[in-house]
Every structure is written in structure tokens, then in C-alpha cells.
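Let's take a walk through this protein together, one piece at a time. Keep the picture open as you read.

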Amino acid sequence: MISTERLKVLLEKTQEIAKEAGAFIRKERQHFNMDNVEHKGFNDLVSYVDKEAEKIIVDRLSKILPEAGFITEEGTNTTKAEEFNWVIDPLDGTTNFVHGVPIFCVSIALMEREEVVLGVVYEVNLHECFYAMKGGGAFCNDTRIRVSAAKTLSASLIATGFPYNNFDLIDKYLVALKSLMKSSHGARRFGSAAVDLCYVASGRVEGFFEYNLNSYDVAAGTLIVEEAGGKVTDFSGGRDFIFGRQILATNEKIHVEILTDLKKAWA
């Protein structure tokens, strides 16, 4: 098991690396144009910025924890290790980025076997660095953050991610969304799951749900939510949310209310 002191050092260095990649992304956005966009699949966009940012991150992380493997969105390094693996989304919110919508981030998590022990999400445009280590609380720019104290769904704002390339479950999703919109202050779609999770952690929204996500979208943010006092599950209430492609994150107090709607919709 990794020591607390070593984890603290890794967390500090990971924040620096996320900010370095973020500075590169911010600089490239100033002269970016749509001619640089590639398509990995239907509505699944990527650019040289994603790829180069990932190279920066992988190179730097390789030096601070040489024994660790990688799970990366752009495949810069896909060598998995038995004990430690970095889970990286170099640019979460690529569609926002290419269209000039200023909500996108760098997301980096460290997993020790099956458990996330470190998470950093750097929101590039607001210069907000959210971070947490297992058992150490959650922070944004050195200020402790906590989930919202709202006790009911009727007093809550919900974030979600719309289906964009897999529409097989869209009818079930819309049933859940309709119910939740009627029962809450409304729904927001920011376009970055990592940002959504950090907004739950910092109390800006009370809940977030989405399906068809990947591990690199959620690994860092889920730890930040839990360390901020929130709760994270899949749509059945279980713990398969890193690789299970379903996630519900809340301030804990409204978790059962949202989960009930999701279970009905996904039945």
C-alpha cells in the first residue's frame, strides 16, 4: 500500500502536471480552428491538442512514478501495470473545446489496484484545480470543498450529460431526465463529466448522472466527490461506476430519490 506521505508528494506533482497541460491547451485554443478536428467515431471528436496534452502528461507522470501503468483516452501509453495505473483524460470536453465553449479540463487519477487513491481535475478556463487523495478530503485551489447541504431533490440542481454517439438507451434516459427535471430546480449540461463531478463536490449542483462514460472521464472526479462528502454509485446502487459506464454522484442526501427514478427508467 502506498504511504500517505508519498501520496501527498504525488498529489502535489500531479497538480503541477495538470496545470502544465492546461496551459498548453489554453494557448492552443487561441488559434485553434475546426480544420484540426478528427473523428474517432460518430460525434467523437479529437485533435492534435488532445494528443499532445496527453503526451505531456504521460511523460511527466512516468518520471514521478516509473512503476505505474496507464489507461489513456488517446492511447499515448496503454501499458497497464499490476499495482498502479494512471487514468488520464487530457482534454475532457473536447467538443466544447473545438467549438470555443469555455468548459473543458484535464483529468488525472491514480488507481492502486481497483481503488482510486488520487484525483486531480484542472478546469482550464477558470484556473480551478480540484483535487483529492484517499482519506485526505477534497479541495479546490487549496480551499476545502464540501457537497451541498440540500436535503431534497426539490431543492436541488442536477447536472447530466446528453447521449451523443450511443443512442440505444436514449428513451430510458429521457424518461429519467423528464422525471428529474419535474422534481428539481432543473438540469444543466456542461459538456464535461469531470467538471460535472467537481461541481457536485463543491456544492454547485447536488447531483450528476450519465451513462456510456469511460473510466478516464470519471476516475478522478469520483474520488473528489467522495472525499467532499458525497456518494457515487452506478444506476443499480452498486460500485461499478469506474468501468461500468453508468454513474450517479450526489451530495448523498438526495441519492435515494434520484436512484429511484433511474432504477424505474432503466428497468
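## Ground rules

Two strands count as a pair if DSSP finds at least two bridges between them. Helices (H or I, at least four residues) and strands (E, at least two) are DSSP runs, numbered from the N terminus.

What you're looking at is a predicted model, where local features need pLDDT of at least 70, side-chain atom pairs count only at pLDDT 80 or more, and totals for chains, interfaces and linings use all residues. Residues are numbered from 1 along each chain as its sequence is written, and side-chain values use heavy atoms, with hydrogens and water left out.

## The seven-stranded sheet

Start with an open sheet of seven strands: follow the order β3-β4-β5-β6-β7-β8-β9, and you'll find the pairing is mixed. At the edges sit β3 (69–72) and β9 (143–144); each has a single partner strand, so one side of each has no neighbour in the sheet.

Now zoom in on β6 (residues 115–123) and β7 (residues 128–133), an antiparallel pair with six bridges. Here Gly119 has Ala132 in β7 as its bridge partner.

Helix α6 (residues 215–227) lies across β3, β4 (84–92), β5 (105–112), β6, β7 and β8 (138–140). It runs at about 100° to β6 (axes are lines fitted to C-alpha atoms, for helices over the stretch in contact, meaning heavy atoms within 4.5 Å, and angles run from 0 to 180 degrees between N-to-C directions).

## A covered strand

How many residues of β12 (residues 207–211) are buried? Five of its five, where buried means under 20% relative accessible area, exposed over 50%, and partly exposed in between (1.4 Å probe, protein chains only). Gly207, Phe209 and Tyr211 are on one side, Phe208 and Glu210 on the other, and both faces are covered.

As for partners, β10 (residues 158–160) runs parallel to β12, joined by three bridges, and Ala159 stands opposite Phe208.

## A helix with two sides

Helix α7 (residues 255–266) has buried residues His255, Ile258, Leu259, Asp261, Leu262, Ala265 and Trp266. They cover an arc of only 160° around the axis, which puts them on the same side of α7 (the arc is that of the directions from the helix axis to the C-beta atoms). On the other side, Val256 and Lys264 are exposed.

So what covers the buried residues of α7? The cover includes β10, α4 (170–183), β12, β13 (231–233) and β14.
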